[in-house]
Amino acid sequence: QVRLVESGGGLVQAGGSLRLSCAASGRTFSSYGMGWFRQAPGKEREFVAAINSHGGSTYYADSVKGRFTISRDNAKNAVYLQMNSLRPEDTAVYSCAARANYCDAYGCYAPFGNYDYWGQGTQVTVSS
């Protein structure tokens with residue numbers, strides 16, 4: 001069982017930055033691949049970024065590539081999402097998720113159905 005708690009959301013102006021954190025419980029965090037998803041009102045949940053269990057591979061949606069960076073610290077049981085050059089269309093609830101089965105391919109991380117545990121989410125609002 002893995003419990004995930006996100007933090008770091010808030011209100012920021014367009015062009016600004018935020019850093020989201022996801023704290024995980026459990027001693028096996030380093031065996032989980034981690035992903036960030038977002039969901040805006042009236043829209044489907046959308047893949048944002050993912051990182052494999054040891055942090056050697058990262059994956060990004062085209063819409064955030066070059067602006068967002070995912071990282072993890074297995075010693076702290078945490079995964080992060082650094083978001084720069086934020087745009088109003090980045091406004092959404094951002095959630096982190098954990099998947100147990102090891103994989104090193106974009107196709108493993110993008111579908112939200114491939115994750116085993118989810119956090120509650122944190123709101124990010126970007127004003128124009």
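At 8% relative accessibility, Ser53 counts as buried, because buried means under 20% relative accessible area. The model discussed here is predicted. Ser53 is located in the loop that runs between strand E5 (46-51) and strand E6 (58-60). Leaving aside residues up to four places away in sequence, Ser53 is in contact with Ser30, Ser31, Tyr32, Gly33, Arg72, Asn74 and Tyr102.

Asp90 belongs to the loop between E8 and strand E9 (92-99). Its contacts, again not counting residues up to four places away in sequence, are Arg38, Arg67, Phe68, Ser85, Val124 and Val126.

### The sheet

Four strands make up an open sheet, arranged in the order E1-E3-E8-E7 with antiparallel pairing. Strand E1 (4-7) and strand E7 (68-73) are the edge strands, each pairing on one side only. On average, neighbouring strands of this sheet are turned by 15 degrees against each other, direction ignored. Strands of a sheet pair through backbone hydrogen bonds, either parallel or antiparallel. Within this sheet, strand E3 (residues 18-24) pairs with strand E8 (residues 78-83) in the antiparallel sense over six bridges. Leu18 has Met83 in E8 standing opposite.

### The disulfides

A disulfide is a covalent bond between the sulfur atoms of two cysteines. A search of the whole structure finds two disulfides, and their S to S distances and torsions are listed below.

| Disulfide | S to S distance | Torsion about the S-S bond |
|---|---|---|
| Cys22 and Cys96 | 2.0 Å | 55 degrees |
| Cys103 and Cys108 | 1.8 Å | about 70 degrees |

The link of Cys22 and Cys96 is right-handed, with 55 degrees about the S-S bond. Because Cys22 lies in strand E3 and Cys96 in strand E9, this pair ties together parts that are 74 residues apart in sequence. Cys22 and Cys96 are both buried.

The disulfide of Cys103 and Cys108 is right-handed, since the torsion about its S-S bond is about 70 degrees. Cys103 has a relative accessibility of 9% and therefore counts as buried. When the bonded cysteines of the chain are numbered in sequence order, the pairing reads 1-2, 3-4.

Notes. Residues are numbered from 1 along each chain as its sequence is written. This is a predicted model: local features need pLDDT of at least 70, side-chain atom pairs count only at pLDDT 80 or more; totals for chains, interfaces and linings use all residues. Side-chain values use heavy atoms; hydrogens and water are left out. Two strands pair if DSSP finds at least two bridges between them. Helices (H or I, at least four residues) and strands (E, at least two) are DSSP runs, numbered from the N terminus. Axes are lines fitted to C-alpha atoms, for helices over the stretch in contact, and angles run from 0 to 180 degrees between N-to-C directions. Buried means under 20% relative accessible area, exposed over 50%, partly exposed in between (1.4 Å probe, protein chains only). Contact means heavy atoms within 4.5 Å. A disulfide is a pair of cysteine sulfur atoms within 2.5 Å.
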